[in-house]
Amino acid sequence: MGFLTPWFLAGVAAVGLPVWLHLLKKHRNVPQPFSSLMFFERRTQSSIKHRRLQYLLLLALRSALFILLALAFADPFIRSDKPQAIHGRKMMVLAIDDSFSMRQGDRLQRAKDEAVAALRGLNSDDRAQVLSFGAQVRMMSDVTNDAAGLRAGIQAIKPTDERGSFAELSRTLRSIAQSAKMPVEAHLFSDMQKSELPSNFADLRLAEGIVLMPHSLARKRDPNFTVENVQVPRHVYGGGKVRVQATIAGFGTERATRRVTLMLNGREVDSKSVEVPPNGRATAEFMNLEPPYGFNKGEVRIDSGDSFPADDTYLYSVDRSDPRNVLFVHNGTDQRALLYFRTALESGNESEFHLDAATTDQTGNIGLSKYAFVVLSDIAAMPGNFENSLREYVRGGGSLLIALGRAAAARTRIPVFDEMIRESRYSGREGERFQTAAWLDTAHPSVGKAGEWEDVKFYQAVKVDPGKSRVAARLSDETPLLLDKQLGEGRVLVFASTFDNISNDFPIHASFVPFVEQTAQYLGRVDNRQANFLVGSYLELRNAKEQGASIEVLDPKGERALSLEEATKAQSIRLASAGYYEVHRPNGRKELVAVNPDRQESDLDIVPQETLTLWENTAHGVGSSGEGGAGDRKPREFWWYVMLAVLAVGIAESLLGNRHLAVEGSDKD
Amino acid sequence: MLQRFLDPRVLASISGLDLVAKTVVDGFVAGLHRSPDFGFSQEFAEYRAYSQGDDLRHVDWNVFARTERCYLKRYRGETNSQLLILLDTSASMGYASQPVTKLDYARFVAASLCYMANGQRDAAGLIIFDEDVKNYVQPSTRQGQLFRLLHAIEKAEVGTHTDFTKPFIHFQNFLHRRGIVVVISDFYEQPEVIIRTVEPLRYHGNEVIMFHILDPQEIAPRFREPLLLEDMETQTKMEVSPEYANHEYRRRIDAHIEALRDQSKRAGMDYFLMDTSRPLDEGLREYLAVRQGRY
């Protein structure tokens, strides 16, 4: 509350006048002599307290009169936190938040109940529409003034696993305002979660004519524990135990100990306690997960003991299968490259590849289709049918890695790659007579995570005409070191040196192993996608080879998620619910995808009132950039209410004062 | 000093009422009192021709029988009545809401009456009382009686509380001859008690006149705010409100005055209320005029 003309409040000092008249002029306590008290009665008039009470009442009325007059002239006003409802014809929008956090307690039901109650403000010439929103906005009813239809739309709202987005709601409201061409009164029923705010406040902008009326269902931030994330490899090859790392987060919580349980296929595998710091995170690590072959459904649970148990479980999926084979073709005398490459490829417990070595002589009857990719290590010559087989293999989707050394340099053309070899460059081992990898294309999958190669010395490199291939690395003399070329459905990667620690000392550097791993994953088309998906994200369904093929997706309820047309055409699918999705691909591959709600919904912190006020003010053209404050709201003056009170008090004072004057007036008779 | 209570203006005013100068056979100033008995005086003075309107009781019928003419006998001699003034000097008589206290006013009245009686050679006496007899001046027509009366009036001071019963018993001893008894008081007692106490004075053939002296603030108090009042006789304190004083008190004092008037009339006594805010001559003139009209 404030005053537009506060100086008039000085008039309150005039209240001293009636105070002086009534109270300071005290009744005489000095006895006045009178001839006889014979005709005075003590009982009747002994206590003049009720008389004093009348005088006090008159004093109060007169004091109130002065105060109210001063107040009225000071022109008081209030800024209401609640926006004013629209009078006249309007479009009422009932937007109900059905995001994941609304599953807490009975929030969604209360939101629906309040929305039904808000329908009472619908007049006969108004229109209304019911929306529900999470990450997307859904129209739950037509634009109508049929209260029954609107109620039905409200009751049809079900909780979702989506993350809420006020920005999406604002965009929808702007669209509605543009099409409605009348004032829009938007009632927002939500728990006003802070995480639903966009990073850019301008995305909340409301159009002129929109009155936002928030109905918050949460008064304070409730503490909440959740399993925020689970790190587990999506694919496991071979035997052995799998490491699982779970992150337990507390939002608005005190220090507490929580029991974390690892589940696999409905059975408890392991359980341990972790101490979560105040409003912090803790990690629980399990080293004894042994998933069986095939797809496995897993969970990590906590005993949170809070009011939001829906986020106490995190789903994951693990697929165990045999390692994939890689064919390493070399000449019989070169064992060093095989050794280094095999060691690098099969390093780690979860290597998805197994190396099969063969000499050029042994390639005659090898079926290449079973191999993830093939490595040609400094091959001088190979049987012609093998090169043809390789070419067909690559065109059909296979991958080939060719390492060039002294033997390969004798050729004029790189097999399968079909680019010319210009020369073979040699550098001495002493002094500065070696090359280094001066430039690396970190966007290339083979190089991206391999670190820097500054310390790697290249003594020999084969200069290859890059042609139409992509150069992913160059030596200091500009010699292309790593080339990548698409051939049909497959690709060929050429390394212009060897892996034998002779032409270079690459194998003894730390960057060699990740180079080999990444190259193997790249060539072997290993699915390195995240093991877990969030609700609202998209799952890619097909690549170029699978266009037109039918892909079947079963949602967590076991129902088909794609229509017949979508099954043959959809490139991706939006993961709308939490749970396990089964993807059946045309080549018979099956995929199990675990989908979890976005854990930002687990932070139950609510939007500050000031932010809500700014949001409301965006409809008036201010606050779009976060500027302006609560003072931008139009003040509501209420001086005329005060004047009404002055009138009432004045009448009461006159009546009571007249009563006293009548007594005095009779004295003059 | 003694002349203080004899305001020439007052005396001149009341002297015009044909009261003072006449010494009559009946021995009383016309209009002041009624002779209890004609032919009261013992000494024949003269005959006077009858004039229309004269009292036929004084016609000498023997002379009429002989002469067939009406003549009135006129007598001369000592005072044939007395005036006895009973002056209340209780504490309540000292009240005043204006410059003149009730006692002062009463003393003016008493002095005027004494002067009038002395002027017509009636014996005037004075008893000053409160709860007891404070002073007594025996009625007499001797030389210096007026001086003695005025002196006694001058010396009268405010006394204690009022008690009609006790002194009035003693009054019987002072009434040796019939005459007029004038009681000047504020009569703060129950009317029944007052009448019961005063009425016996009539049994000896006296005419009793009660002059009720009240201050205007006693008749119609004007309190603008609650006051703490103290009874001048009992020293009792009481907080009073203007509303009560302006309504209930007035009703009561009016009832008291009315009761006194009625009961004194029934008892054959005369009653007259005198407001000290009224000029003395005005009050006396009014009373004497009323009395003259009555008789």
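## Strands β4 and β7 of chain A

In this predicted model, strand β4 (residues 91-97) of chain A runs parallel to strand β7 (residues 184-190) of chain A, and six bridges join the two; strands are DSSP runs of E with at least two residues, helices are runs of H or I with at least four, and both are numbered from the N terminus. Within this pairing, Met92(A) has Glu185(A) of β7(A) as its bridge partner.

Both strands belong to an open sheet of five strands with mixed pairing, in the order β6-β5-β4-β7-β8 of chain A, where two strands pair if DSSP finds at least two bridges between them. The edges are taken by β6 (137-139) and β8 (210-216) of chain A, each of which has a single partner strand, so that one side of each lacks a neighbour in the sheet. On average, neighbouring strands of this sheet are turned by 25° against each other, direction ignored.

Helix α4(A) lies across β4, β7 and β8 of chain A and runs at about 170° to β4(A); axes are lines fitted to C-alpha atoms, for helices over the stretch in contact, and angles run from 0 to 180 degrees between N-to-C directions.

Helix α4 (residues 107-118) of chain A also packs with helix α5 (residues 147-155) of chain A, at an angle of about 170° and with the axes 10 Å apart. The two helices are therefore roughly antiparallel, a term for angles over 145 degrees. In this contact, Lys112(A), Ala115(A) and Val116(A) of α4(A) meet Arg151(A), Ile154(A) and Gln155(A) of α5(A), residues being in contact if their C-beta atoms, placed from the backbone, lie within 7 Å.

## Ser63 in helix α3

Ser63(A) is placed in helix α3 (residues 49-73) of chain A. Ser63(A) counts as buried because it has 20 C-beta neighbours inside 10 Å, the cut-off being 20 or more other C-beta atoms within 10 Å. Leaving aside residues up to four places away in sequence, Ser63(A) touches Val15(A), Pro18(A) and Val19(A). Val19(A) is 44 residues from Ser63(A) in sequence, yet the C-alpha to C-alpha distance is 7.4 Å.

## Numbering and confidence

Residues are numbered from 1 along each chain as its sequence is written, and chains are lettered from A and ligands numbered from 1 in the order in which they are written. Local features need pLDDT of at least 70 and side-chain atom pairs count only at pLDDT 80 or more, whereas totals for chains, interfaces and linings use all residues.

Terms used: Parallel < 35°, antiparallel > 145°, perpendicular 65-115°, else oblique. Contact = placed C-beta atoms within 7 Å. Buried ≥ 20, exposed ≤ 12 C-beta atoms within 10 Å, placed from the backbone.
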